[in-house]
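Here is a short report on one protein model. Have the sequence and the coordinates at hand while reading.

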Amino acid sequence: MLLGKKRKLGRKIEEIPLGEKLTLTETIEDKDLLLYLGLTGDANPLYVQHDFASLTEFEKPIVPNIMLTGIITSAINKYIPGPGSYIKHVDISYIKPVFHYETVQFIFEVIDINVTEGYIIISVQSYNAEDELILDGKVKVCPPKTVDNTEN
């Protein structure tokens with residue numbers, strides 16, 4: 001329970017159609033970066049220092065790739081399949097950097113369902129405002145399962 005409220009589980013594997021899609025758009029703001037940096041203690045100057053980043057190939061601060069992964073896992077745990085999901089494996093290629101204040105579109109699609117072993121595979125691609133592919137990956141997810149807690 002969360003603050004006295006029961007939370008509804010996400011969809012079971014039998015309720016998820018092959019080919020289901022979700023599109024999500026996110027803009028990476030300063031508050032998001034500061035929360036990440038405060039939470040992790042990751043002090044890479046490439047993420048926040050303009051003078052440092054100007055000396056690199058990127059020329060300006062970039063968004064940590066793990067933040068993009070966090071957006072992906074959050075969407076899976078909210079929408080496909082939803083609360084109670086368990087992510088078993090993540091395979092992501094980060095193709096282009098994401099810069100502060102960029103708007104990024106994530107496209108999720110259920111590409112495989114294995115009822116016998118109890119998992120689905122979700123592909124995810126992400127594009128920047130110029131419609132350039134910035135991220136490509138697959139996530140293996142176990143949808144939530146209900147447990148019969150009744151005693152005989």
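## A buried glycine

Gly118 counts as buried, at 8% relative accessibility. The model is predicted. The cut-off for buried is under 20% relative accessible area, so 8% places Gly118 in that class. Its place is the loop between β3 and β4, where β4 covers residues 119-127.

Which residues does Gly118 touch, not counting those up to four places away in sequence? They are Ile13, Val141, Cys142 and Pro143. Another pairing spans the chain: Gly118 and Pro144 are 26 residues apart in sequence. In space, their C-alpha atoms are 9.3 Å apart.

## Overall layout

The protein has three helices and five strands. Along the sequence, the order is β-α-α-α-β-β-β-β. The C-alpha trace spans about 65 × 35 × 20 Å along its principal axes.

The protein has 152 residues, and 36% of them count as buried. Contacts between residues at least 6 apart in sequence were also sorted by separation. Of these, 66% join residues at least 24 apart.

## Surface and charge

The protein exposes about 9600 Å². Carbon and sulfur atoms supply 51% of that area.

There are 15 positive and 22 negative side chains. The centres of the two sets lie 10 Å apart.

## Aromatic rings

How many aromatic pairs does a search of the whole structure find? It finds one. The partners are Phe106 and Phe108, and the pair is stacked. The ring centres are 6.5 Å apart, with 25° between the planes. Planes under 30 degrees apart count as stacked, so the 25° angle puts Phe106 and Phe108 in that class.

Phe106 has 0% relative accessibility and counts as buried. Phe108 has 1% and also counts as buried.

Two lysines sit over rings elsewhere. The charged end of Lys60 is over the ring of Phe99, 4.7 Å from its centre. Lys140 lies over the face of Tyr119, at 4.3 Å from the ring centre.

## A strand residue and a helix residue

Gln105 belongs to strand β3, which covers residues 103-114. Is Gln105 buried, exposed or partly exposed? Its relative accessible area is 30%, so Gln105 is partly exposed. Neighbours within four places in sequence aside, Gln105 is in contact with Thr23, Leu24 and Thr25, and with Gln125, Ser126 and Tyr127. Gln105 and Ile134 are 29 residues apart in sequence, with 9.6 Å between their C-alpha atoms.

Thr69 is in helix α3, residues 65-78. At 11% relative accessibility, Thr69 counts as buried. Its contacts, leaving aside neighbours within four places in sequence, are Val90, Ile92 and Tyr94. Strand β2 covers residues 86-94.

## Backbone exceptions

Most residues other than glycine have a negative phi, and most peptide bonds are trans. Some residues here depart from that background.

The peptide bond between Ile80 and Pro81 is cis, with omega about -5°. Pro81 is in the loop between α3 and β2.

Glu59 has a positive phi, near 70°, and is not a glycine. Glu59 is in the loop between α2 and α3, with α2 at residues 50-53. What is the accessibility class of Glu59? At 60% relative accessibility, Glu59 counts as exposed.

Tyr101 also has a positive phi, about 70°, and is not a glycine. Its place is the loop between β2 and β3. Tyr101 counts as partly exposed, at 48% relative accessibility. Exposed means over 50%, so 48% leaves Tyr101 in the partly exposed class.

## Points to inspect

Start with Gly118, buried in the loop between β3 and β4. Go on to the stacked rings of Phe106 and Phe108. Then view Lys60 over Phe99, and Lys140 over Tyr119. Finish with the cis bond joining Ile80 and Pro81, and with the positive phi values of Glu59 and Tyr101.

Terms used. Residues numbered from 1 in each chain as written. Predicted model: local features only at pLDDT ≥ 70, side-chain atom pairs only at ≥ 80, totals over all residues. Heavy atoms only, no water. Helix = DSSP H or I, 4+ residues; strand = E, 2+ residues; numbered from the N terminus. Buried < 20%, exposed > 50% of the residue type's maximum accessible area, 1.4 Å probe, protein only. Contact = heavy atoms within 4.5 Å. Areas by Shrake-Rupley, 256 points an atom, 1.4 Å probe, with all protein chains shown as cover. Lys, Arg positive; Asp, Glu negative; His and termini not counted. Charge placed at Lys NZ, Arg CZ, Asp CG, Glu CD. Phe/Tyr/Trp six-rings, centres within 6.5 Å; stacked < 30°, edge-to-face > 60°. Lys NZ or Arg CZ within 6 Å of the ring centre and 35° of its normal.
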